[in-house]
Amino acid sequence: MKRRDFIRISGMTSGLLLLHPYCALFQKDYSSGLLFDRDNIDTLRERVKLPLFKEYWEELLNADLHEDRSFLEKGIEYNNQLRHLARVDSILQREAFVFMLTEDEKRGEMARLALQQIFIFKKWDYFIEAGKDVIGLQRAPLTTQSVIFAYDWLGDFLTQKEKNIIMTQLPEKGCEPCYRSLYGMLHQDEVVGWGFDPESSFYEERDMRNWPKILSRTNLRAVPMSALGLGAIFLKGQHPRADEWLNVVKQTYDDFVDLFEPDGSYPEGTGYCRYTSGELIVFLHALQRKLKKDWSDAVNWPGVMDFFLMTRMPTKSHPYGHVNFGDGGQGFGSEIGFWVAREYNDGMAQYAAQEQFQRHKLTSIMFYEPRIKPVKPVKDWFYRHFDIGWVVLSTGFELDDFVVAMRSGGPANHENADRNSIIMKYAGENLLVDNWHPPYSHEHPAWTLRTSPAHNTVLIDGKGHQYHDGMEGTNASDAEAKVVKETVRDDYAIVWSDSTQAYSLVNENVNNVNRAFLVMPKSRFLLVVDTLETKKDEAAFTARWFVENEDDAAKIMTRGDGFVIERPMAKLIGACAGSKGVKLEKATFPVPKEHGVFPHLDVHAKGRSKKVSIVSAMAATTREDNDSELKIERKGDIFHVTGLVGGNTIEVKISVDEILPKISVL
């Protein structure tokens, strides 16, 4: 990467500064901040009194300042950017904001103390380029944002010396590291080599040769992009590099935003969509306010909120949960919904932000516009086939609602080996589950929870589909699945998804691997038909189903070709059949018990075959329901599923004479 001339600072702890001439007499107009005008502070003071923000505001006011002060004065390791710098940033933003609204000098002094500790950190991130130059991926962006906000929010409470230090350190420790990461992703052939900083407390051997390419399609591109954008706006007209920084931000933005699909869905899942979106909207808001530039329409922001809302999957153990494919099943911050509602006059976004959010942020208070009336989507059930390939059917967004989701689609960062995996929840329980957030490190003994056999997929001769070895991190694999057909009616939906490519990458004997599923939401009924066809040799075929067991309260019981999966508040009853019969087996996924116990049900096709189908019929019920039952009869290639579920009669016919089964609801 090209060397640049940077502003230098030395003697930080002694207070001796070598200042660039431009910042010696730096003055800034406080009347118009990056995110709001100071004339609006009274409005913010009234807003925090609203019932919507009352609990959050009290949490800010009642922060444990004694503990925070003790940490700031005695607990910081100045090479621990991963955790300690992040905590200092959090304290600084909170205390600067509280001071601005309350004018409580004790809160201002706490913010000042946090700011002074940030000054002492030699580096604001723990990644380096060419063994020496810091690159900003997470902590430098966060700290850039924090000191800019502190400058805006603390105003003249800061001394001129403190302002000068900010204006010296911000370009060197914040903006330039963010610039290096963005430049490296744009010009990958110029990167000498990224790595963890050996001087940081967080260091491990990791192959990062491809990280400029890998990270260019992840949330860790949006984070430094947004921070550098804020820095460029803040320093425009004051720093000679500000226009160049904004130019690389624009190049990066144009190259990145197509990661959001046209319908607003995001391949890394909701948790990482939250991270990406939350950073982007702050930058976009500041860009529009200060430079009168509007880049927001490159993303379907109302669609992003639809993605957040329609993947809601709350349970007792994960009350803010969303469809959990890969690592990204966490909820979203209300600030995203409030910003979208405000920008697009979107009542659904306002509803999601007020009723379905995981947490407020400081920017939630700033972006909330009370004139937007919340509009809750109301239907018997919702169907979404997102552009990323995921399919979600849901009766609603609350704890007791019924949700089924299937993970088709292509590779994505933070993914697991989960093509065609199906998950289900009802009555606050994950009855079919992707295990939550397996370890990032390939050296961790529970790394195998990321692989195909740890998901609700199919196994061929005991093995799953292609995945990588984790040496480069949690990057995308090469495996794909594709929805090839779908039928949606008033009472049900049927979807067929082909994962042949994913399995053929590691098994040359595979000719076709398909999963078809039928969901009848009002009856809480799920039918899954798995089909395998080999090229030459016969193979063993298994469908595997996991139940949530984080609290060790899951039970799996089998009887013949039937099964019951129990959780404290709900259960899943089922019946299975196969072309040559099936054998049901309970097992536990092999990881050390200290990392969790993961029970699963295996539905094995009897014998080995060149063409085989497994039919699994399931219904979610309450624990008290003893009347529901399912039965499957087979005659040749025809399976007949009948049953009674919650007072509703089920009758379905399946023909498997072709590779894509024919499913008829009778």
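These are my notebook entries on what I looked up in this predicted model.

**Salt bridges**

I began with charged pairs. My search of the whole structure turned up 41 salt bridges. I went through a few of them one by one.

I looked at Lys49 and Glu46 and found their side chains joined in a salt bridge, with N to O at 3.4 Å. Lys49 is exposed, at 57% relative accessible area. Glu46 comes out at 48%, so I put it down as partly exposed, the class between 20% and 50%.

Next was Arg407 with Asp418, a salt bridge at 3.2 Å, N to O. Arg407 sits in strand 6 (residues 403-407) and Asp418 in the loop between strand 6 and strand 7 (421-426), so this pair ties together parts eleven residues apart in sequence. Buried or exposed, I wondered, for Arg407 and Asp418? Both Arg407 and Asp418 are buried.

Then I checked Lys522 and Asp491, whose closest N and O atoms are 3.2 Å apart in another salt bridge. This pair links distant parts of the chain, 31 residues apart. Lys522 is in the loop between strand 12 (510-520) and strand 13 (525-534), while Asp491 is in the loop between strand 10 (482-488) and strand 11 (493-498). Both ends got an accessibility check: Lys522 is partly exposed at 44%, and Asp491 is partly exposed at 42%.

I also noted a network of salt bridges that links Glu67, Asp68, Arg87, Arg94, Glu95 and Arg107.

**Nonpolar cores**

Which residues touch the most other members of the largest nonpolar core? I got Phe97, Trp153 and Trp301, out of 119 residues in that core. Helix 4 (residues 81-102) gives the most to this core, with ten residues.

**Arg450**

I wanted to see where Arg450 goes. Arg450 lies in the loop between strand 8 (429-432) and strand 9 (458-460). Its relative accessible area is 0%, so I filed Arg450 as buried. A polar atom of the Arg450 side chain lies 3.0 Å from the backbone oxygen of Pro438. Setting aside neighbours within four places in sequence, Arg450 is in contact with a list of residues including Asp327, His414, Glu415, Asn416, Tyr440, His455, Tyr467 and Thr474. Pro438 and Pro439 are also among the contacts of Arg450.

**Thr315**

Thr315 has its place in the loop between helix 12 (301-310) and helix 13 (334-344). I have Thr315 as buried, with 1% relative accessible area. Its side chain reaches the backbone nitrogen of His318 at 3.0 Å. Not counting residues up to four places away in sequence, Thr315 touches Leu399, Lys425, Gly428, Glu429 and Asn430.

**Cysteines**

How many disulfides does a search of the whole structure find? I got zero. I looked at Cys178 as a case: the nearest cysteine sulfur, from Cys175, is 6.8 Å away, and Cys178 is in no disulfide. The cut-off for a disulfide is 2.5 Å between sulfurs. Cys178 is buried, at 0% relative accessible area. I checked Cys576 for burial as well, and it counts as buried at 4%.

My last stop was strand 22 (residues 638-645), where the side chains alternate. Phe639, Val641, Gly643 and Val645 point to one face and are buried.

I then looked at what strand 22 pairs with. Strand 21 (residues 629-635) runs antiparallel to strand 22 and is joined to it by seven bridges. Arg634 stands opposite Phe639 of strand 22. The hairpin of strand 21 and strand 22 has two residues between the strands, and Gly636 there takes a positive phi near 65 degrees.

Strand 23 (residues 648-655) is also antiparallel to strand 22, with eight bridges joining the two. Val641 has Val652 in strand 23 as its bridge partner. Strand 22 and strand 23 form a hairpin with two residues between them, and I noted a positive phi of about 55 degrees for Gly646 in the turn.

How values were computed: Residues are numbered from 1 along each chain as its sequence is written. This is a predicted model: local features need pLDDT of at least 70, side-chain atom pairs count only at pLDDT 80 or more; totals for chains, interfaces and linings use all residues. Side-chain values use heavy atoms; hydrogens and water are left out. A salt bridge is a side-chain nitrogen of Lys or Arg within 4 Å of a carboxyl oxygen of Asp or Glu. Buried means under 20% relative accessible area, exposed over 50%, partly exposed in between (1.4 Å probe, protein chains only). Helices (H or I, at least four residues) and strands (E, at least two) are DSSP runs, numbered from the N terminus. A nonpolar core is a set of buried Ala, Val, Leu, Ile, Met, Phe, Trp, Tyr and Cys residues joined through side-chain atoms within 4.5 Å. A polar contact is a pair of N or O atoms within 3.5 Å; within protein, one must be able to donate a hydrogen and the other to accept it, and residues adjacent in sequence count only if both atoms are side-chain atoms. Contact means heavy atoms within 4.5 Å. Two strands pair if DSSP finds at least two bridges between them.
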